[in-house]
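Subject: Structure handover

Hello,

Here is the structure I promised to pass on. Please open it first, then read my notes below.

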2 protein chains.
Amino acid sequence: MQRGYGIFDFFKFKDSRPVFLDDHLDRFYKSAEEMRLNINYSRDQLKDVLHTLITKNNIADGGIRITVTGGYSPDGFQLNQPNLVISQHTFPSPTKEQFEKGIELISYPHQRQMPHVKSIDYLMAIWLQPLIRQHNADDVLYQKDGIVSECPRSNFFIVTKNNTIITPAENILKGVSRMKLIDIAKKYFQVEEKIITLDDIANAKEAFISSTTKLLLPVFRIDGTILKGETTVAAKLHDELDNLSRSS
Amino acid sequence: MQRGYGIFDFFKFKDSRPVFLDDHLDRFYKSAEEMRLNINYSRDQLKDVLHTLITKNNIADGGIRITVTGGYSPDGFQLNQPNLVISQHTFPSPTKEQFEKGIELISYPHQRQMPHVKSIDYLMAIWLQPLIRQHNADDVLYQKDGIVSECPRSNFFIVTKNNTIITPAENILKGVSRMKLIDIAKKYFQVEEKIITLDDIANAKEAFISSTTKLLLPVFRIDGTILKGETTVAAKLHDELDNLSRSS
């Protein structure tokens, strides 16, 4: 904790049932492995603990965070047996009004280190909060040389004029909601995982973000520029993702 | 702590006296300001607390770490009143044998985020520890496109064939030992703060690192290549820095 070395994952539960739990645990164990953190609990053991926690806390809806740190290191640099903390939280569900209002982003030149790992490194994201507020925006979209990657806690998508859905494939954390949305979208649309530039966004018919807590929210403005702002595709995908998360 | 947002500083004390304390506090307050962490203690108040801690612990030699984190944030992203933790540690003083043995570095392509701030972000440094051990090296030297910046916990210097001392000026944390060494070196040599490339190192007469805990250590090997490895300048600067830190 004193050297910012750790990973976590975060998933929702609804009516006391975890949502997309196996997908989150897949990513959790992958993050741990990449970061050389040895998890002493099997998937089944973790599931048992999570079940006990939800039952004992008696909170039916909310989120659970599993955090793993480098452990009590003798010199602050060599990894020791990791510490694992599971905590339960409530958070407001995204509303219809939020979807209709959409969000505004500002872009900022930054590339997260080890982006494919869900590490606890949110230094830049937190540091940028005053800049986001100053622009009356809701979040930041990281870009490098005009190529966008992701928001600090969500993935980014655009819909082109010919209804192709594009989302970055590289230098990002691959969100569980992102994966689910791609699967859903492929049933109806052409989906491409490839580079998106800031220019592509300006020309896109729709833009939206996805995350566990926000589900899917349309992006109506970037860097003060109003986007085309349609929501036909976003609404369809939102509703299907919402249904899927309720029935999982 | 759960989002890796914090700063710290670390200074030595010898015979119960803090070494270069004002320089460290200068940097501490600067890091805090850059990271928008509001320190509720004046310099004099901090000095009082430090004095009490050293006296009560009754440890005459070692180091003190002052850590500041973002505080108990309501949503994990908005900063709150920071938490401040002061902890005292012992660590072995660098020895004559360590100086004679020198160290071996491996270079690695990485640029720290907000490098001028002494943040708690050591994710890459810790992640690279197995690679360092695998190469039987002592530490890593960050570089980007062949331009070197710093080691995770120390600054880097070379001495050219015509006895000019060069150390990077950009994209680094400016160490207190680095500052002291530059001041000392200027009395005897030409000192330039400018870009150093990996090629420059190969052609250098001497290379060394500086830090609070290690003082000054010669670098004898980088990426498996044996350097020229003279220590005339390094030894002179080491001894003067050592004397200065004893008398400060």
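Two residues are in contact if their C-beta atoms, placed from the backbone, lie within 7 Å. Keep that in mind throughout.

First, some ground rules. Residues count from 1 along each chain as its sequence is written, chains take letters from A and ligands take numbers from 1, in the order in which they are written. The model is predicted: local features need pLDDT of at least 70 and side-chain atom pairs count only at pLDDT 80 or more, while totals for chains, interfaces and linings use all residues.

**Between the chains**

In chain B, 24 residues are in contact with 24 residues of chain A. Which elements of chain B give two or more residues to this side? They are α4 (123–127) and α5 (129–134). Helices (H or I, at least four residues) and strands (E, at least two) are DSSP runs, numbered from the N terminus. The largest share of the chain B side, four residues, comes from α4(B). By type, the side of chain B that touches chain A has 13 nonpolar, eight polar and three charged residues. Ala, Val, Leu, Ile, Met, Phe, Trp, Tyr, Cys and Pro count as nonpolar; Asp, Glu, Lys and Arg are charged; the others, Gly among them, are polar.

**Inside chain A**

Chain A splits into domain 1 (6–89) and domain 2 (96–247). These bounds come from an automatic or database domain assignment. The C-alpha centres of the two domains lie 25 Å apart. How many residues of domain 1 touch domain 2? In domain 1, 17 residues are in contact with 11 residues of domain 2. On the domain 1 side, β1 (6–14) and α1 (21–34) of chain A each give two or more residues. β1(A) gives the most, with eight residues. That side divides into seven nonpolar, four polar and six charged residues.

**A sheet in chain B**

Now look at chain B. Four strands form an open sheet in the order β2-β1-β3-β4, with antiparallel pairing. Strands pair if DSSP finds at least two bridges between them. In β2(B), Pro18(B) is the bridge partner of Phe13(B).

Best wishes
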